[in-house]
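Please consult the sequence and the structure shown here while reading.

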Amino acid sequence: MTNQFPPVFQTDVPLLDRARYDARIKRKPRVRSGDRTHYRTIWISDVHLGTRGCNADMLIDFLDHVDSDTLYLVGDIIDGWRMKKKFYWPDSHNDIVWRILKRAKRGTKIVYIPGNHDEMFRQFTGLNFGGVQIRRSAIHETADGRRLLVLHGDEFDTVMLAHRWLAFAGDTAYTILMRLNWVVNKIRNRMGLPYWSLSKMAKHKVKNAVEFIGRFEELVAKAARVRGVDGVVCGHIHTAEQREIDGIEYYNDGDWVEGCTALVECDDGKMDILHWADEISARKARGKPILAVERISEDVEAVI
């Protein structure tokens, strides 16, 4: 049988070699039936599979409650940087991959735009694997006729471009913060409190971080204007946002490490950001099950 997967799946990311992939993909997660909300388009990014910071259970819950005609994976879906240092891949991360591939199989258009953490997949730009189209960027046309540039956004990160070593150092510090975030929310969960992002709070309190985000958004919007489009959708900075910058509609779909957010387009072209922790809290308040998934993965190991 011909191997349909690029070499990177067998080498740089050994968790997805052919034999292990076949064995795990056959173990289908059990999903409870329930109401699903349909959107014309969904954008998610910065999932960081392969790290302890990934909120896999919350993303699984999201995927089990929404459907779409098109799904954009806007980079950093797999964290190659972390996995080169230490291998980590629980069953819940396979469950996410399975759900995405299942959508492709049943007809959902899936466009994968690798980011800096999964840049090893950029060499396969233009190819199609398992119904997933790999692109460097894309132009999306909304239901009301607007043209949106879709890209990850690391191209506009001056630290990434000029001081790559500093980006790696910052990634290590960020990983430590994510571990603290995991501990805080583990305690909050046992106390019956909703999810809360420690790192998100820290970013909004630090002046330099706020200035960096603002500058990043302006650079991305400027690039969209040069391309002659109406707006831009990106990820990278883990900060969900939707606003107008000098006539350009700027959208950032956030992440599934800190904020657990997604950008969605309704059938009429209206755009919205879903904060999934809030959606789960609202569902709990209405007396519905918090998770649509029967937990099949083992308890998360201690991180500290």
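The points below treat the cores, a surface patch and the salt bridges in turn.

The model is predicted: local features need pLDDT of at least 70, side-chain atom pairs count only at pLDDT 80 or more, and totals for chains, interfaces and linings use all residues. Residues are numbered from 1 along each chain as its sequence is written, and side-chain values use heavy atoms, with hydrogens and water left out.

**Nonpolar cores**

- A nonpolar core is a set of buried Ala, Val, Leu, Ile, Met, Phe, Trp, Tyr and Cys residues joined through side-chain atoms within 4.5 Å; buried means under 20% relative accessible area, exposed over 50%, and partly exposed in between (1.4 Å probe, protein chains only).
- The largest core has 39 residues, of which I44, L49, F62 and W256 touch the most other members.
- Elements giving two or more residues to this core include strand 1 (37-44), helix 4 (91-105) and strand 11 (261-265); helices (H or I, at least four residues) and strands (E, at least two) are DSSP runs numbered from the N terminus.
- Helix 2 supplies the largest share of this core, six residues.
- A second, separate core of 16 residues includes L151, F216, A224 and Y250.

**Surface patch**

- I187, M191 and L193 make a nonpolar surface patch of about 300 Å²; for such a patch, nonpolar side chains (Val, Leu, Ile, Met, Phe, Trp, Tyr) with over 30% relative accessible area and no salt bridge are joined within 5 Å, and areas come from the Shrake-Rupley method with a 1.4 Å probe.
- M191 lies in the loop between helix 6 (164-190) and helix 7 (198-205) and counts as exposed, at 58% relative accessibility.

**Salt bridges**

- The structure holds 13 salt bridges, each a side-chain nitrogen of Lys or Arg within 4 Å of a carboxyl oxygen of Asp or Glu.
- D67 and R106 meet in a salt bridge (2.6 Å, N to O), linking strand 2 to the loop between helix 4 and strand 3, 39 residues apart.
- D67 is buried at 19% relative accessibility, whereas R106 is partly exposed at 44%.
- R36, D67, R103 and R106 are linked in a network of salt bridges.
- D154 pairs with R122, the closest N and O atoms being 2.7 Å apart; D154 is buried at 6%, and R122 is buried at 16%.
- R146 forms a salt bridge with E249, with the closest N and O atoms 2.4 Å apart; the two residues are 103 residues apart, E249 being in strand 10 (residues 248-252).
- R146 counts as buried, at 14% relative accessibility.

How values were computed. Patch = residues over 30% accessible without salt bridge, like charges linked within 9 Å, V, L, I, M, F, W, Y side chains within 5 Å.
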